[in-house]
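Thanks for coming. I will go through side-chain contacts, starting at the surface and moving on to charged and aromatic pairs. Please have the model open.

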Amino acid sequence: MELKRVVVTGMGVLSPIGNDVRTMWDAMKAGKSGAEDITAFDSSLYKTHFACEVKNFDPSALLDRKEARKLDRFAQFAVCTAKQALDDSGLQLDKENTERIGSIWASGMGGLISMEQDMAAYATGDGTPRFSPFYIPKAIINMGAGHISLLFGLKGINYGVASACSSSGHAIASAFDAIRLGRADVIFTGGSDADITYSGIGGFNSMHALSTRNESPATASRPFSKSRDGFVLGEGAGCLVLEELEHAQKRGAKIYAELVGAGMNADAHHMTAPDPEGAGAARVMREAMQDAGITPDQVDYINTHGTSTPLGDICELKAIQSVWGDDAYRLNLSATKSMTGHMMGATGAVEAVATIMALKDGVVPPTINHEEGDEDEQIDYKLNFTFNKAQQRELRYALSNTFGFGGQNACLLFKKW
């Protein structure tokens, strides 16, 4: 069968550096960090005292107070970014066949805040099992997709995706497949996570995964620099409205970019560490390009997974160099987690938005916090990491990488419209 073409017609974002697409994108181009001391709880006893929190978030702009209490913060993020994307898309749902519109939504951890609150109440009580009737529906990962469906009356495909840090990359790839196979006309897709909690920070601290640069939070996320000491935990959400091309053109929709390929695979190597040679990452990028029917020389920019971990950054670069060889020096690379932190299940969606805006505006966002003399002998610094300052460049195709615990990899390939 002939596969249908899929385009992006709407976007929404909540991020540590802006609560809408334009604000976030302007902050990215300016190289702004979203890392600050944690305000969500007292972190004084933890090894890490900072994170990339979403600032000034108010769910009452969309949900009344009573309804908002029924949703965990990750699900509040989901519906609010989906509403931004709906407004941006110009879709008039009352005129659409909503049985052909769905939501595929990701989260790495789901309702972690709600789980902590109910468990803490039980543990400090008299042993009587008193739990909120909303405990389960607030905690489960699929409720991001569920609440988007409920809010907008969407009756098409609807489910949640969980694959750790690659969750929203997988969600977007799954939505892409559903539309090009003709199972839907429109899908709201992306991901959200809100893991800046006692157990979120504590758990990652115990793994020695987080930066402990407490004296300078804004410079703590430093992908591809020798002094990197771990990632900065972030939170947020990103939503894409994916739409079948003819459906979008028929209603006169604006089009940001075309999603032309996706790759999904596994390292089958280790529970938390990537394949040391980047074999899975290399294969997933090749798969995305093969899916689109293009060759590596047509790609101009890669929004890297680039978490600022000692091992992860090296493995991803090995993968890029194994795929592009000497042509890798022509590419622009950047790690926007240097500004947003690692938003876990939301990261693939927010970085997809950044990749699309880079294509649209011809601007590559920077990898911030690299200092002269901070060179790792394992990294080839002839590669163009777009350090510290955005670069103007006409882009044709761009890749967005996400790699998760469990060795789960996703790669999205966008084409300039």
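Start with a nonpolar surface patch of about 330 Å², which is made by Met1, Leu3 and Leu181. Patches here are built from residues with over 30% relative accessible area and no salt bridge, with like charges joined within 9 Å and nonpolar side chains (Val, Leu, Ile, Met, Phe, Trp, Tyr) within 5 Å. The areas come from the Shrake-Rupley method with a 1.4 Å probe, and for residues only the protein chains shown count as cover.

Before going on, the ground rules: this is a predicted model, where local features need pLDDT of at least 70, side-chain atom pairs count only at pLDDT 80 or more, and totals for chains, interfaces and linings use all residues. Residues are numbered from 1 along each chain as its sequence is written, and side-chain values use heavy atoms, with hydrogens and water left out.

Met1 lies in the segment before β1 (6-14); helices (H or I, at least four residues) and strands (E, at least two) are DSSP runs numbered from the N terminus. Met1 is exposed, at 78% relative accessible area. Buried means under 20%, exposed over 50%, and partly exposed in between (1.4 Å probe, protein chains only).

Now a buried residue. Asn401 sits in strand β13, residues 397-404, and has 0% relative accessibility, so it counts as buried. What does the side chain of Asn401 make a polar contact with? The partner is the side chain of Glu316, at 3.1 Å. A polar contact is a pair of N or O atoms within 3.5 Å; within protein, one must be able to donate a hydrogen and the other to accept it, and residues adjacent in sequence count only if both atoms are side-chain atoms.

Next, charges. The structure holds 26 salt bridges, each a side-chain nitrogen of Lys or Arg within 4 Å of a carboxyl oxygen of Asp or Glu. One of them joins Lys29 and Asp26 at 3.6 Å, N to O. Both residues lie in helix α1 (residues 21-29), 3 residues apart, about one turn of the helix. Lys29 is partly exposed at 29%, and Asp26 is partly exposed at 37%.

Arg100 pairs with Asp185 in another salt bridge, with the closest N and O atoms 3.0 Å apart. Arg100 is in the loop between α3 (73-89) and β4 (101-106) and Asp185 in the loop between α7 (167-180) and β6 (186-193), so the pair ties together parts that are 85 residues apart in sequence. Arg100 is partly exposed at 26%, while Asp185 is buried at 19%.

There is also a network of salt bridges linking Asp300, Asp327, Arg330, Arg393 and Arg396.

Last, the rings. The structure holds 12 aromatic pairs. Rings of Phe, Tyr and Trp (its six-membered ring) pair if their centres lie within 6.5 Å; planes under 30 degrees apart count as stacked, over 60 as edge-to-face and the rest as tilted. Among the pairs, Phe41 and Tyr198 are tilted, at 4.7 Å centre to centre and 45° between the planes. Phe41 lies in the loop between β2 (36-37) and β3 (50-51) and Tyr198 in helix α8 (residues 198-206), so this pair ties together parts 157 residues apart in sequence. Phe41 is buried at 8%, whereas Tyr198 is partly exposed at 47%.

One aromatic cluster is formed by Phe224, Tyr381, Phe385 and Phe387.
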